[in-house]
Amino acid sequence: MWLPDRLLAVRNRVLSSPGFQRWAAAFPFTRWLARRRSRELFDIVAGFVYSQVLFACVQLKLFEILAEGVQSSGHLADRLGLPPDEARRLLRAAASLRLAEARGRDRFALGELGAAMLGNPGIAAMVEHHAMAYADLQDPVALLRGEAERRELLKYWAYVGSERPASAAEHAVGGYTELMADSQRLIASDVLDAYSLEEHHCLLDVAGGDGTFLVTAAKRWPHLRVILFDLPAVAERARARFEREGLADRAIAVGGDVLRDPLPQGADVVSLVRVLHDHDDGMAQSFLEATCHALPEGGRLLVAEPMSGTPGAEPIGDAYFGFYLLAMGSGRPRPPVEVEQMLRDTCFDQVRQLPTRRPILTQVMVARRAG
């Protein structure tokens, strides 16, 4: 519930008063809240350092090593290739972040969050990828003003800003296609748990990368035919993936440019998985219009991506993705109400937002192709 503007000004004036801060930190009934607010503020200030501790753990394969069992810091120092004191420094830092766990005197084990990292290898890939994002964000004000000289992410995502993205060579799309596959592994099951494809006969995945999402769908529903559409160099990778997975008899990959080439026909459901938020409004609307031409009346469109304003995950949508996409040079996070309006402005009705197991990672909306 919002405070009236006048009360908001009073609240902020009180909270910014050093005298009130000292009183709140000492008074028994407010001490816990004052300490929590101080911790929250410091976590924002120290966030980059925390992320670099995680980066070091990923690079050194610390979680894989700790998964073998409890080990002494001296033994771990040898395996990590670090001086003993610095190995201990890293291990204590990791333990403070619950990535590792201190077990008595100078012994360490895998922590709760470290174990979660092992179960989601896509997160480790994102952590290593963030080196480029951090380079681009070293001067956030210049980035906001459009004055940043260094744009590593813009070069990494080969299709961004390209007049002919379909001409991108295999070497230019390999890195980001693998990263997309890692991110799709995190969410594919969540999306397909939220919306069943049992009643559909053919799924078209637009900008589907190497086919990770389609492989998951095809294996869950053996009757389902699947079509992937992406840039020609990416589609080649998907075609090889379908062969390896034994799906060549009911999975095809088509190369093209969604802004210039018509989408394949024959699907009764189309998916856009982490696609719309990667594009500015005009291009995102073009993707939706293309799906309108590909779907028959009554066909379904499935939109799956992290969205702005997700309860409990607001910083992920608006802070993380907001600035990541700014550095990337394309797209922005949108709240569900805005995505719904874009769908209705195109050719869709009966728009529904579906609950997902982990809305922090992805939200799902389904809409019907109107007549």
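Predicted model: local features only at pLDDT ≥ 70, side-chain atom pairs only at ≥ 80, totals over all residues.

Guide: One term before we go in: a contact, or one residue touching another, means heavy atoms within 4.5 Å. Residues are numbered from 1 along each chain as its sequence is written, and side-chain values use heavy atoms, with hydrogens and water left out.

Leaving aside residues up to four places away in sequence, Leu-301 touches Val-270, Leu-272, Leu-288, Thr-291, Leu-295, Leu-343, Phe-348, Met-365, Val-366 and Ala-367. Together with Leu-204 and Leu-343, Leu-301 has the most contacts inside the largest nonpolar core, a set of 31 residues. Such a core is a set of buried Ala, Val, Leu, Ile, Met, Phe, Trp, Tyr and Cys residues joined through side-chain atoms within 4.5 Å. As for burial, under 20% relative accessible area is buried, over 50% is exposed, and anything in between is partly exposed (1.4 Å probe, protein chains only).

Which elements build this core? Those giving two or more residues are strands E4 (202–206), E5 (225–230), E7 (269–273), E8 (300–305), E9 (348–354) and E10 (363–369), plus helices H14 (281–294) and H16 (336–346). H14 gives the most, with six residues. These labels are DSSP runs numbered from the N terminus: helices are H or I with at least four residues, strands are E with at least two. Apart from that core there's another one, of 30 residues, including Leu-192, Leu-197, Ala-238 and Phe-242.

Now step into the loop between E7 and H14. His-277 sits there, and counts as buried because its relative accessibility is 2%. Again skipping residues up to four places away, His-277 touches Glu-305, Pro-306, Phe-321, Leu-325, Ser-330, Gly-331, Arg-332 and Arg-334. Arg-274 is found in that loop between E7 and H14 too. Its phi is near 55 degrees, a positive value in a residue other than glycine. With a relative accessible area of 17%, Arg-274 is buried.

Next, the charged pairs. A salt bridge here is a side-chain nitrogen of Lys or Arg within 4 Å of a carboxyl oxygen of Asp or Glu, and a search of the whole structure turns up 22 of them. One joins the side chains of Arg-357 and Asp-193 at 2.8 Å, N to O. Arg-357 is in the loop between E9 and E10 and Asp-193 is in helix H11 (residues 170–194), so this pair ties together parts 164 residues apart in sequence. Arg-357 is exposed at 64% relative accessible area, whereas Asp-193 is partly exposed at 36%.

Another bridge, 3.1 Å from N to O, connects Arg-241 and Asp-210. It links distant parts of the chain, 31 residues apart: Arg-241 belongs to helix H13 (residues 232–244), and Asp-210 to the loop between E4 and helix H12 (212–220). Both Arg-241 and Asp-210 are buried. A further salt bridge brings Arg-260 and Asp-257 together at 2.6 Å, N to O. Arg-260 is partly exposed at 45% relative accessibility, while Asp-257 is buried at 5%. Shared partners also make a network, joining Asp-210, Lys-219, Arg-241 and Glu-245.

Stepping back, an automatic or database domain assignment sets the domain bounds. It divides the chain into domain 1 (23–119) and domain 2 (191–369), with C-alpha centres 36 Å apart.

Overall, the protein chain has 16 helices and ten strands. Its C-alpha atoms fill a box of roughly 65 × 60 × 45 Å along the principal axes. Of its 371 residues, 44% count as buried. Among contacts with a separation of 6 or more, 66% come from residues 24 or more positions apart.
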